[in-house]
Structures are given as C-alpha cells and as structure tokens.
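Walk me through this model, one region at a time.

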Amino acid sequence: VELAKTRAKSGISRRNDNPQGIATRELFKLVFGNESPYARTTEYWTIDAISRDDLVDFHAHYFHPNNTSLAVCGDFDVTEMAEKIRAAFSGWDREAEFQRPQPPPIDADRSSTLRFVQKDDVTQSTVLIGHPGEIRLDDPDYFPVIVMNEILGGGFSSRLFQTVRTDLGLAYAVWGNYSADYETPGVFYAGTFTKSESTTDAVRAMQDVIASMRTTAPTAEELDQAKESFLNSFVFNFDTKQEILNRQMTYAYYGYPADFVQQIKAGVEAVTAADVQRVAQRYLHPDEAHILVLGNAADFGEPLSALATVEEIDISIPLTSPDIQLTTPAGDTHEGISLLGEVMEALGGAEAFAVVEAIRYEAGNVSGSGVQRVSFEAEATFAFPDRVRAVQRMPIGEITIIVNGSEGRIVTPMGEQAAPPALIQQVQAQSYFELPYLFARAAEFTAAALPDEGGLRVLSLSVPGQSSPFIMHVDSETGRPARLAGTLSGMEGPMYVVVEFSDYRSLGDLILPFSSRQFTDGEESGRTTYTVIEINPAIDDSLFDLRE
C-alpha cells in the first residue's frame with residue numbers, strides 16, 4: 001500500500017509537466033466544479049488519508065458476483081469451460097441486498113468565462129474552449145452529433161482545421177470533440193496549439209468557427225466527407241477478438257443492445273444536412289463556453305483581455321490540505337520582524353546579507369543513516385535569484401543538477417536530460433536552507449513570532465512560492481538559528497525537512513554554520529560538513545548553461 005501511495009504521489013508531483021494535460025484538467029474543473037467526481041484533482045493529503053483498511057472495505061462493498069461479468073473467448077469446449085469457471089468461483093455468493101452504484105448527477109457550470117494559466121517555460125499556447133454536453137450514447141441525436149463533430153473538428157477537412165490552420169495559419173493542430181457516455185452526458189470542447197504571439201487571434205478564430213456551425217448548414221461535400229471519414233474508420237471496431245469481446249461486455253453491463261455498434265453505423269449513414277444543423281443549434285453553446293488558455297502572457301501579440309475579463313488560475317501543487325493551513329498559528333508579525341532582525345544581527349547584520357548575490361560551497365556529505373549511509377563530496381553554486389548548480393560525487397559517479405530559472409538539467413553517468421519541474425521546484429525550495437541565501441532575500445518574506453518551544457524562540461517565515469511557511473527555531477542565548485523546518489515538494493510528494501545547524505564560524509562579515517544535520521519526514525537523511533564557503537565568488541555564466 002505504501003509503495004502504491006508513493007507512486008501516486010510521484011504522479012501528482014509531475015502533473016504540471018504536460019501543458020495539454022494541465023489545460024484539460026483545468027477545463028474539466030471549470031465545467032464540472034472542483035469538487036465534482038468528474039473533475040476533482042487528487043492531492044497529496046487525499047492519498048495520505050487512504051489506509052489499507054479503506055481498500056479492504058472498498059473491495060468488500062463493491063466487488064460481488066452481482067456486479068461482475070466474466071467472458072471467455074477462444075477455442076474450447078463450452079461445457080468443460082463452464083464447469084471450470086463454476087469450480088473456480090464456487091463459494092463466492094451473491095449479495096441479496098446488493099444494488100449497483102449509480103453515477104452521481106452532474107451539476108455542470110454553464111457560465112461563460114475566460115481563464116488563463118501562466119507557464120513561463122512554453123513557446124506556444126494551449127487553448128481549449130468547452131461547455132457541458134447534453135446527450136448520452138443512447139440518445140437518437142447521438143448519430144447526427146457524430147457527423148456534426150466530424151464537420152466541425154474531426155480531421156484535416158474540418159472547419160476548424162481549414163480555417164484556423166490552413167487559411168489563417170494560426171495553429172499547429174486544431175480539433176473538436178463532442179463526447180457522450182453510456183450513463184451520463186459528456187463534454188464539448190475544441191482545442192488548438194498556437195504560437196504565443198497568435199494566441200488571442202486563435203481564440204477569436206475558434207469562437208467564430210464554432211458559432212458559425214450553428215448558422216451555416218453543411219454543404220453536400222462536407223456531409224459526405226464527414227460520413228465517409230467516420231465510416232472508413234469503422235473497421236477498426238473489429239480488428240481484435242479482445243476488442244469485440246470487451247465491447248459486448250460493456251454493452252451488456254450498461255444495458256445497451258448487443259448490436260449497438262451496427263446501430264451507430266446505420267444511424268450515421270442516415271444523417272442529413274438538416275439533422276446536422278438542428279443538433280448544432282441545439283447542443284452547441286459558444287456563448288456559454290469556458291475558454292482556457294495556457295501560455296506565456298509576456299509573448300502574446302495581443303492581450304487576452306481584448307476578448308473578455310481574464311481570471312488567472314493558480315496550478316501550484318499544494319503540499320497540505322487547506323483545512324490544515326487554516327489552523328497554522330498566525331503569530332505576531334510585529335514581534336516576528338523584530339526577532340528576524342535580531343537573528344540577522346547575530347549573524348553579521350542585515351547590511352552584510354544585503355550585498356550577498358552568490359554563494360559557493362564545497363562539503364563532505366553523508367546521505368542516509370545507519371547501515372545505509374553513503375559518503376560523498378559535493379559542491380554547489382547559487383547565483384541569485386534563481387540559478388543553482390549542484391554537483392554530487394557519488395560512488396556510482398558524478399551527478400550534476402543545473403537550475404536556471406524555470407528550466408533545469410540533470411547529468412548522470414547514464415546520460416543527461418531535462419530536469420522535471422518537480423525536481424526544479426525541490427532544488428529551489430531547498431536553497432532556503434542555505435542561511436546566506438535565506439537572509440539575503442529577507443525583504444521578500446514576512447515573519448511572525450510563534451510561542452517559544454523547549455527554550456528556543458520560534459519564527460515563522462512565509463516565503464513567496466512556498467505554500468506553507470518555514471519554521472525557524474532560534475537559540476535564546478546566541479540569537480543564531482538552531483534549526484529550520486519546512487514542507488517541501490519533492491519528486492515523490494511533499495516531505496517535511498528539518499535542518500539542524502552547528503559549528504558557527506566567522507566568514508568575513510558573516511557568521512555561518514559549517515555543519516548541519518538533515519531529517520526528512522522524521523528520519524535522519526544526511527549530514528553536511530562544509531570545507532569551503534565563498535560569498536560573492538567570481539562566477540562563469542556557463543556553469544548554468546542548459547544546452548546538451
């Protein structure tokens with residue numbers, strides 16, 4: 001269970017890697033609502049809340065013969081196979097009171113909005129326009145909707161493709177889809193990838209094409225091409241025995257006729273141009289659609305605000321539940337500012353930290369604890385505000401991580417690749433555990449004093465870009481930090497990191513720790529002994545070069 005939860009949290013940490021995945025996720029949240037089971041997002045704390053008992057209870061509640069279908073396809077004696085199946089499942093009794101669970105009702109949002117996701121590391125924009133669907137697969141209008149969708153956005157000859165890509169040259173790809181499901185309506189959405197500078201033009205063009213679908217009936221050529229395109233792909237419904245078997249089981253489960261796939265073919269063949277315009281007018285609602293744009297606004301040729309009021313969506317991955325964050329003590333900000341000043345004074349003063357623009361260190365490190373300890377040498381260079389180069393000389397070889405703004409690269413003995421965003425975020429957050437880096441940026445965060453703990457004064461530091469504050473414990477006698485703790489986003493989910501500082505020494509105008517001990521989620525994870533610490537060293541910009 002713990003391994004499965006770790007894999008799930010690792011997936012959460014990577015959920016903002018793919019622009020199209022982000023856009024689709026956020027559009028569905030707009031259509032159905034954040035808390036809807038058709039759109040809600042798994043978070044770290046929802047995974048943490050699951051226990052093995054929860055899984056056992058779920059299985060006991062939902063897995064019954066009443067709710068199970070079994071099919072066998074192949075070359076065998078039917079009577080013999082039936083006997084084997086009965087023997088294998090004997091003793092698995094039906095539940096007398098069992099009722100198959102039904103999908104929850106859909107409470108979709110039909111308002112029109114323009115939402116934006118800022119992503120600095122993209123050179124093209126992802127655009128989605130969508131609204132709730134209104135039909136299930138068993139609706140007689142499903143067949144003309146199939147043809148309407150083919151004409152609007154189904155392929156190279158579709159109106160969206162011909163207008164947005166071929167005629168206007170605004171997109172690399174453009175598509176549309178009006179989905180339906182067995183028990184619930186689906187979603188209509190159209191999408192495109194476009195150059196950053198043509199983002200607003202592409203949105204406007206897509207809106208025009210979708211709106212014109214309601215007013216301009218398809219030509220005979222459009223109708224024939226759409227039906228032919230769909231029917232030509234129909235053969236792929238029968239290319240494997242497993243696919244045929246799965247489809248028949250699905251029809252049986254949802255109570256659809258066994259020949260429903262043939263009904264689809266006949267229904268599409270019978271669609272007329274009048275049918276297409278009728279369903280377009282009934283089921284397409286461009287005035288009630290959500291527009292979702294993901295891109296880098298700095299590169300837009302025309303601002304999105306030229307279209308409508310824009311609301312930005314925050315896609316940062318929260319590390320803890322909002323309910324937990326609400327219980328965090330607010331602390332005394334006036335006393336916190338005073339305590340922060342005292343701590344900085346004890347380490348050399350605010351003026352000494354204000355001139356720090358870069359740090360370089362060399363260190364001997366021990367990773368892990370007990371029999372799993374691994375000793376290695378490390379060095380790192382921090383160039384403010386957002387460049388880091390860290391080198392670890394491990395027994396398996398040298399590992400280098402380079403972070404330059406929102407981009408990064410990792411080089412190992414096995415090769416090199418772009419650093420995933422989760423790793424970049426982790427490296428940037430861990431930079432705050434280097435005290436010169438932390439206090440050189442003191443003007444960027446707010447401080448609040450919390451109640452003393454164990455004879456240590458306690459300081460809460462809210463840092464931009466971090467969803468929860470860092471907590472610093474300060475030695476009451478020396479005024480120096482004894483330890484710093486915070487919840488960071490790692491490659492496998494959030495981790496609670498505590499760093500204990502010791503062996504303070506003078507270094508120019510500053511007094512800094514030359515030893516530290518790290519704990520991750522309560523377990524000792526490493527020790528560091530600094531052999532070299534340089535403040536404002538001469539730095540070659542090529543250290544942060546991300547090219548292969």
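Helices and strands here are DSSP runs, numbered from the N terminus; a helix is a run of H or I with at least four residues, and a strand is a run of E with at least two. The model is a predicted one.

With those terms in hand, take the turn at Asp521. Asp521 sits in the loop between β18 and β19. Its phi is near 50°, a positive value in a residue other than glycine. The two strands form a hairpin, with two residues between them. Strand β18 covers residues 510-520, runs antiparallel to β19 and is joined to β19 by six bridges. Within this pairing, Arg517 stands opposite Arg527 in β19.

Strand β19 also has β7 as a partner. β7 spans residues 358-367, β19 spans residues 523-535, and the two pair in the antiparallel sense over nine bridges. Here Ser367 stands opposite Gly526 in β19.

Asp503 also has a positive phi, near 55°, in a residue other than glycine. Asp503 is found in strand β17, residues 493-507. Is Asp503 buried, partly exposed or exposed? Its relative accessibility is 34%, so Asp503 counts as partly exposed.

Next comes a backbone feature of another kind. The peptide bond from Phe384 to Pro385 is cis, with omega near 5°. Pro385 lies in the loop between β8 (374-383) and β9 (387-394).

Now turn to helix α2. It takes in residues 19-32, 14 residues in total. From first C-alpha to last it reaches 20 Å, close to the 20 Å expected at 1.5 Å a residue. Which residues of α2 are buried? They are Ile22, Ala23, Arg25, Glu26, Leu27, Lys29, Leu30, Val31 and Phe32. An α-helix has 3.6 residues a turn, so residues three or four places apart point the same way. The cover over the buried residues of α2 includes β1, β2 (124-132), β4 (185-195) and β5 (290-295).

Last, the second largest pocket. Its volume is about 1,100 Å³. The elements that give two or more residues to its lining are β1 (113-118), β11 (407-412) and α16 (421-430). Of these, α16 gives the most, with six residues. The lining counts 36 residues, and Ser406, Pro421, Ile424, Gln425 and Gln428 lie nearest the centre of the pocket. How do the lining residues divide by type, and how many are nonpolar, polar and charged? There are 15 nonpolar, eleven polar and ten charged residues.

Methods
Residues are numbered from 1 along each chain as its sequence is written. This is a predicted model: local features need pLDDT of at least 70, side-chain atom pairs count only at pLDDT 80 or more; totals for chains, interfaces and linings use all residues. Side-chain values use heavy atoms; hydrogens and water are left out. On a 1 Å grid over the protein atoms alone, a cavity is a set of points where a 1.4 Å probe fits but cannot get out, and a pocket is an open set with protein on both sides within 12 Å along at least five of seven lines; lining residues have an atom within 4 Å of a point. Grid points are joined across faces, edges and corners, and a volume is the space filled by probe spheres set on the points. Ala, Val, Leu, Ile, Met, Phe, Trp, Tyr, Cys and Pro count as nonpolar, Asp, Glu, Lys and Arg as charged, and the others, Gly among them, as polar. Two strands pair if DSSP finds at least two bridges between them. The expected span of a helix is 1.5 Å times one less than its number of residues. Buried means under 20% relative accessible area, exposed over 50%, partly exposed in between (1.4 Å probe, protein chains only). Contact means heavy atoms within 4.5 Å.
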